[in-house]
Amino acid sequence: MRTAGLLARMWAARPVYLLMLPGLVLIVMFSFYPLVMSWYYAFFDWSGIDQEMYFIGWQNFTELAADEYFWAAFGRTLWFAGVATPIELLLSLVLAIVLNDRALRLAPLYRTLFFIPVVTTTAIVSIVMSMVFSSFNGPANQALMALGLIERPIGFLTDTKTVMWTAIGLFVWKWLGQPMIYWLAALQTIPTELYEAAQVDGAGWWWRAVSITAPMLAPFAVVITLIVLVGNMQVFAFMQALTHGGPYFSTEVMELYIYRMAFGAQGQVSTQRLGYASAAGVLFGVLLIVLAVAQILAVRTFRQGSSPGGVVR
Amino acid sequence: MDYRSGQHQADGTLPRRKLLELIGVGSAGLIAASCVDTSDTSEPGSRGTTPGLSRTIRIPDPAVELPAGDVQLRWMDSGDMKARFFEDFFPAYEKKHPQISVRYDGTNWNQITEVVTLGVRNGTAPDVFQLPSQITMGMAVSNGWIGAYDDIIPNFAEVKARYPAGAFADGVTDFGGKTYGMPLTGQQRINTLLLFNADLVRDLDVDLHTEILTWNQLREVAKAITTQGDGAYYGIIFGLAQPGGLSGPVNAMCQMAGVAGGADGIDLRTGRFNVTNPIVIEAIELMLAIKSDGSVHPDSVNLDAPGARARMPLGQAGLIIQGPWNIVPWRDENPDFHLGLNLPPQKDPNDIWPLSYGPGGSNTYVYSSKTKLGPVIADVMSYLSTLEGQVQWGLRVGAADPPAFPEAIAKLEIDELQQKALDLGTKYTVLRPEPAVRNPDVSKVYEVQVPATPTFSDTLVGLFTGQIRESVEQAMRKMEDRLEKSLEDAIAKARSRGAQVDRDDWVFDDWDPRQPYTKLYER
């Protein structure tokens, strides 16, 4: 019987399952359980502290649908990720291609330099950068003024017209090293023989890039894009330390909105609405799931296209 | 004492006569130190206090039976200036009772919120702590998270009687006839003093040390300082990234101009919100005018209160409107910074209304219902509720968190600036009515109330940054609608859950905002 066969195979592979167990337990505890519970709490009027919870059905979702600050935060999150992701991907790819050149002797040093911001604590980067881009004697403004490019300081973090762009720029700089490493790993999977053969056939740099590098990187690009995109939607620590979501909500992305709803702000009464925040988190999560499913479908499409006979494994 | 007397430190010279005096005082101090009780862990004569009162903390014998074995008391609060007292007090207490060790965590409110909200539910909360703003006292009592002091302190009625009227109140600290919160300090403090850099305002036409600024003068002074600074410093600095960064000063200025209940509060004489009051609109327009003059430190929008505060001793702004808790840290950490203070700017300096404060005191401590150290907590709280304990508190904490006992404040001998802050607080603050005291069900409204979004504080920042483009009057009309809706919705929700409450609970037609409203709190 098929069931017996499955159990027999599982029993035969029991050391493998045993090794998987710790990871599985942790995933259940710290990923699946909170995920399921956030769905559950989303249907309650609950502060997150009080023992009394009131079931209110879909009311949190209907309230969210009419909450302009929720949609504004939603839009800002998409906008932030939509702008930051292509810039980050493109710049990191260019860097990876340059650093992948074996003729570049200092490549390891440059790789390290570009990766240092990635491993630097996000809050520290945000705090230091808020000083660098300060309107009052900030080095960035002083440099621009010394070069004669501006006459008066720019409110990089205080002007609502510039603050989001400043945040995107700093975020891309901070995380550029991560996709760069992914691209480098992907580039190193391309056999050098292909380039040598193309060169023998007379293909120049551009044709080698278009005909060999781009198609070989395409399956990796889907995965890297997804990782970067999802990462760019989760910018809580960075934004909280850099702008606190201000001025006047202008950088309040989805995670900051959820945090404000869930834990409130000091000096205000009864601002903790864990049920409502859970509902916001659920909707945000749905968006991320949609993106993840799209990525899975895209990967399958690429694999189908590249596998002999179109067999999907 | 002249508060500019630190000048000799600025130029680095010390007169010969002064040096000899200091050597003499130092020698006498060394001799005296060998005779005093070594439980005095404080720095003699430090932090601007005068030597008239002994700073020695003498722990009395306990009135309760303390544990015989080794135990550890865990105590968590928001630190700041309070830590200056507890860092002296707890070592003295440990010395008196070697079997008791104390783990004191003077931390920030985010940490308290995290530790307490989880700890009260899973039984790991510290023995004594302050409640974060997200947990009302009523919520903590009804969930059984905190214990009543009546149950652990012998003769608690006698202890309570030492506190002034309004320190304890039903629906605030007391529930079901028992007391759950101990307010160790009072509220007669002005959190929105005009603090100024004395060096930067020295050449102005107005003496800020002696003269209370009018609203118009505030604008002129800020402009003059900015012009004088020529980009090196600005007239005034705010911390707008923090809730209350601008609304706090506006609130105080409006209250002192006669807007009873504050700019975004309720006038308890009528039960209506104040935000559309013409005085409120005028105060906001004044702040916007100061901003459009270019007199506000350009980073104000992105700074929280500590960030703004840190820039004052650096000479980046001439004025800031904040509380007296800045005085000692600024002086300790920046001896060359010359600070002055006065009342916040007044619409009419000849007709100043007092700021009102609610019952329940300040720095209210609760204890975990799960604690096994009730006798230790009782012993500590009993000492802190004596005149001696309150004086020792005042000597270390000063004007930042004035003692709860008026007689302790009267006994304090502290430096001129702190004394001035204390005196202004005593003179210009009065106790107000609290709806939750007359009707305890009102606290159920507070527990379910969803704040109006954007809040008054947010709205002022929106106007300040130009994100809200409509007139101040229009913005305040919408603000009033939001505040009304927030309160009405909360009342409706509380009523649906059994609370007996209505809008009239916010009306006290016999309230005179110029007088303390004590009849509600008489025992």
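**Exercise 1. State what share of chain A is buried, and describe the extent and make-up of the chain.**

Solution. In this predicted model, buried residues account for 31% of the 313 residues of chain A. The secondary structure of the chain consists of 14 helices and two strands. Its C-alpha trace spans about 80 × 75 × 35 Å along the principal axes. Of the contacts in chain A between residues at least 6 apart in sequence, 65% join residues at least 24 apart.

**Exercise 2. Determine where in chain A confidence is lowest and where it is highest among the helices.**

Solution. Begin with the chain as a whole: the mean pLDDT of chain A is 88, and 93% of its residues reach 70 or more. Next, take the helices: helix H1 (residues 2–12) of chain A has the lowest confidence, at a mean of 81, while helix H8 (residues 163–175) of chain A has the highest, at 96. Finally, turn to residues 308–313 of chain A, where the pLDDT is below 50. Beyond near neighbours in sequence, this stretch has five contacts in the model.

**Exercise 3. Decide whether Thr166(A) is buried or exposed, and identify its contacts.**

Solution. Locate the residue: Thr166(A) lies in helix H8 of chain A. Then apply the cut-off, under which a residue is buried if 20 or more other C-beta atoms lie within 10 Å of its own. Thr166(A) is buried because 22 other C-beta atoms lie within 10 Å. With neighbours within four places in sequence set aside, Thr166(A) is in contact with Phe133(A), Phe156(A) and Leu157(A). As a distance check, the C-alpha atoms of Thr166(A) and Val119(A) are separated by 21 Å, the two residues being 47 apart along the chain.

**Exercise 4. Explain why helix H13 of chain A is described as largely enclosed.**

Solution. Count first: helix H13 (residues 254–263) of chain A has ten residues, and nine of them are buried, so the helix is largely enclosed by the rest of the structure. Among the buried residues of H13(A) are Glu255(A), Arg260(A) and Phe263(A). Continue past the helix: Gly264(A) follows H13(A) and has a positive phi, near 70°.

**Exercise 5. Identify the largest nonpolar core and a second, separate one.**

Solution. The largest nonpolar core has 153 residues, and those with the most contacts inside it include Leu194(B) and Ile377(B). Helix H19 (residues 472–496) of chain B gives the most to this core, with eight residues. A second, separate core of 54 residues includes Phe70(A), Ala84(A), Val163(A) and Ile168(A). In soluble globular proteins, nonpolar side chains tend to be buried together.

Methods
Residues are numbered from 1 along each chain as its sequence is written. Chains are lettered from A and ligands numbered from 1 in the order in which they are written. Helices (H or I, at least four residues) and strands (E, at least two) are DSSP runs, numbered from the N terminus. A residue is buried if 20 or more other C-beta atoms lie within 10 Å of its own, exposed if 12 or fewer, and partly exposed in between; C-beta atoms are placed from the backbone. Two residues are in contact if their C-beta atoms, placed from the backbone, lie within 7 Å. pLDDT is the predictor's confidence in each residue, from 0 to 100. A nonpolar core is a set of buried Ala, Val, Leu, Ile, Met, Phe, Trp, Tyr and Cys residues joined through C-beta atoms within 7 Å.
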